[in-house]
Amino acid sequence: PVTGVSGTSFRLTTAAGAAVPAAVTYDAATRRATLNPSANLAPDARYTLTLIGGAAAIRDAAGNPLVTRTWSFTTGPAPTVTGRSPAIGATGVAVTSNVTAVFSEPGQGVSGTTLRLRNPAGTVIAAVVSYNATTRTATLDPNANLAARTRYTASLTGGATGIRDTAVGTSCRR
């Protein structure tokens, strides 16, 4: 059994270090401390829990302080690419092919600046980019046929203004 469990000795913070308002309770019979956030946690966000030990914080009945403990967790997954066409390193791709990427969850921010196709010189290929929310598929449709026997590179850009999920805007991981 311990004493000193409170909202100041059992804390939840965001990745930026901001405190998350929460109620803290301690059940002496089960020796279980519970932190219950005042609101739902943001999806796809990293949080840190800290149990603080010390003479004025968490300690046992004899006054021995708990060694301060910290651990982190992330709510929900960030979107990932679960399918792509053509496949990485594919050869013999038709010059009329589109480029597609399928995401693990609904997304936003798919555009001609976040999904690009480049030729070997690094030049961006002019294309129309669309997104099908039902199938979670981004499609890049080049404005002209691609050159035969040429290696192209497709890229996806994540970030606050890039491809991200619809929940809180977590960036896509390729």
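A: Strands (E, at least two residues) are DSSP runs, numbered from the N terminus, and two strands pair if DSSP finds at least two bridges between them. The model is predicted: local features need pLDDT of at least 70, side-chain atom pairs count only at pLDDT 80 or more, and totals for chains, interfaces and linings use all residues. Residues are numbered from 1 along each chain as its sequence is written, and side-chain values use heavy atoms, with hydrogens and water left out.

Q: In what order do the four strands of the open sheet lie?

A: The order is β8-β9-β13-β12, and the pairing is antiparallel. At the edges are β8 (81–85) and β12 (127–132), each of which pairs on one side only. From one strand to the next, the twist averages 15°; axes here are lines fitted to C-alpha atoms, and angles run from 0 to 180 degrees between N-to-C directions.

Q: How many bridges join β9 and β13?

A: Four bridges connect β9 (residues 99–103) with β13 (residues 137–142) in the antiparallel sense. Ala-101 has Ala-138 of β13 as its bridge partner.

Q: How is a nonpolar core defined, and which residues have the most contacts inside the largest one?

A: A nonpolar core is a set of buried Ala, Val, Leu, Ile, Met, Phe, Trp, Tyr and Cys residues joined through side-chain atoms within 4.5 Å. Buried means under 20% relative accessible area, exposed over 50%, and partly exposed in between, with a 1.4 Å probe and protein chains only. The largest core has 14 residues, and those with the most contacts inside it are Phe-103, Val-110, Leu-115, Leu-117, Leu-140 and Leu-156. At least two residues of this core come from each of β9, β11 (115–118) and β13; β9 gives the largest share, three residues. Another core, of 10 residues, lies apart from it and includes Val-5, Ala-45, Tyr-47 and Leu-49.

Q: How are aromatic pairs classified, and how many does the structure hold?

A: Rings of Phe, Tyr and Trp (its six-membered ring) pair if their centres lie within 6.5 Å; planes under 30 degrees apart count as stacked, over 60 as edge-to-face and the rest as tilted. The structure holds two such pairs. Tyr-47 and Phe-73 are stacked, at 5.8 Å centre to centre with 25° between the planes. This pair links β5 (residues 46–51) to β7 (residues 69–74), its members being 26 residues apart.

Q: Is Tyr-47 buried or exposed?

A: Tyr-47 is buried, because its relative accessible area is 5%, whereas Phe-73, at 25%, is partly exposed.

Q: What is the geometry of the pair formed by Phe-103 and Tyr-131?

A: Phe-103 and Tyr-131 are tilted, at 6.3 Å centre to centre with 50° between the planes. Phe-103 lies in β9 and Tyr-131 in β12, 28 residues apart. Phe-103 counts as buried at 2% relative accessibility, while Tyr-131 counts as partly exposed at 24%.
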